[in-house]
Amino acid sequence: MKTAIVTDSTAYIPKEILDANNIYMLPLIVNIHGKSHREDIDLSATEFYEKLSEMRTFPSSSQPAVGEVYELFQKLEKEYDAIISIHLSSGISGSFQTTSTLVDDFPDCKIYPIDSEISCYPQARMVLEAARLAKLGLDAEEIVAQVEQLKSRTSAYFMVDDLTNLQKGGRLSSGAALMGSMLKIKPILHFEDKKITVYEKIRTKKKALQAILDLLAKEKETVDYPLVATVIHANREESARELIQQIESRHPDVRCEMSYFGAVIGTHLGEGALGITWTEDTTK
């Protein structure tokens, strides 16, 4: 069985890695001042953050059109027996639901939609693992099972400088955003039941990041498999590198990577957000 791997742009996998692993990407749309941009095609993360401070109105995002997904699957069914399509959490986007509606439209090519229940590089790790297993020749159902196991072994926490964007975008309750602004706290956020929720309220950025590092250390002591940790940043590469140095110093056996919050997720988190995620390192 030959299996195609598809994801959306919020996995933030660089084009050269997509190409090298034969991964197909569906771009989400960022709407700025009435103009639509395809994420990471028409609008890079760097360009987005350059525009962000000058935006007069709050930017919005939207999922790929069902016709675009259908067109890609129609193309892939000519070459593949199965398609595994891994998307950002269904709790914050309709991308997974869109793919799910097309399952019965391709009788000669079995489609397996996967809700990553998260986004960004944790989603990317699932995509890259699926691509690795597809190259090894595993059938689609085996790949899906292993991706689901990787999902269960994934943790991610992040911190934003300002809760306003999350509240305006409908990804966080007004009450939680107001409380954070009034108390000037730096809440640690995570995905719970597919949605972004407050994990813990911390007074300062430094303490919030330290609390996330402590969560990594605690979990590392409880697992029997190697970990890969990824620091994700919203236009704060220097801060991300400092966090990686801290992780490597504290856990020399944990492999570290760096990624970024692109335009769609940056629309909701705002500039300055930082995240730390870790999961099983399946390459070891």
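1. A residue is called buried here when its relative accessible area is under 20%. In this predicted model, the buried residues of helix α6 are A140, I143, V144, V147, L150 and K151. Viewed down the axis of α6, these buried residues fall within an arc of 120 degrees, so they line one face of the helix. An α-helix has 3.6 residues a turn, so residues three or four places apart point the same way.

2. The face of α6 turned away from the buried side carries the exposed residues E141 and S152. Cover for the buried residues comes from elements including β1, β6, β7, α5 and β13 (274–280).

3. The 13 residues of α6 should span 18 Å at 1.5 Å a residue, and the end C-alpha atoms lie 19 Å apart, which agrees. At the start of the helix, a side-chain oxygen of D139 comes to within 3.2 Å of the backbone nitrogen of E141.

4. The open sheet has 4 strands in the order β2-β1-β6-β7, paired in parallel. Strands β2 (23–26) and β7 (110–115) each have a single partner strand and stand at the edges, so one side of each lacks a neighbour in the sheet. From one strand to the next, the twist averages 25 degrees.

5. Parallel pairing of β1 (residues 3–8) with β2 runs over 4 bridges; the bridge partner of V6 in β2 is Y24. Helix α5 (residues 120–135) packs on the sheet, where α5 touches β1, β2 and β6 (82–87), and its direction makes about 170 degrees with that of β1. Helix α6 (residues 140–152) also packs on the sheet, touching β1, β6 and β7, with its direction at about 0 degrees to that of β7.

Conventions. Residues are numbered from 1 along each chain as its sequence is written. This is a predicted model: local features need pLDDT of at least 70, side-chain atom pairs count only at pLDDT 80 or more; totals for chains, interfaces and linings use all residues. Side-chain values use heavy atoms; hydrogens and water are left out. Two strands pair if DSSP finds at least two bridges between them. Helices (H or I, at least four residues) and strands (E, at least two) are DSSP runs, numbered from the N terminus. Axes are lines fitted to C-alpha atoms, for helices over the stretch in contact, and angles run from 0 to 180 degrees between N-to-C directions. Contact means heavy atoms within 4.5 Å. The expected span of a helix is 1.5 Å times one less than its number of residues. Buried means under 20% relative accessible area, exposed over 50%, partly exposed in between (1.4 Å probe, protein chains only). The arc is that of the directions from the helix axis to the C-beta atoms. A polar contact is a pair of N or O atoms within 3.5 Å; within protein, one must be able to donate a hydrogen and the other to accept it, and residues adjacent in sequence count only if both atoms are side-chain atoms.
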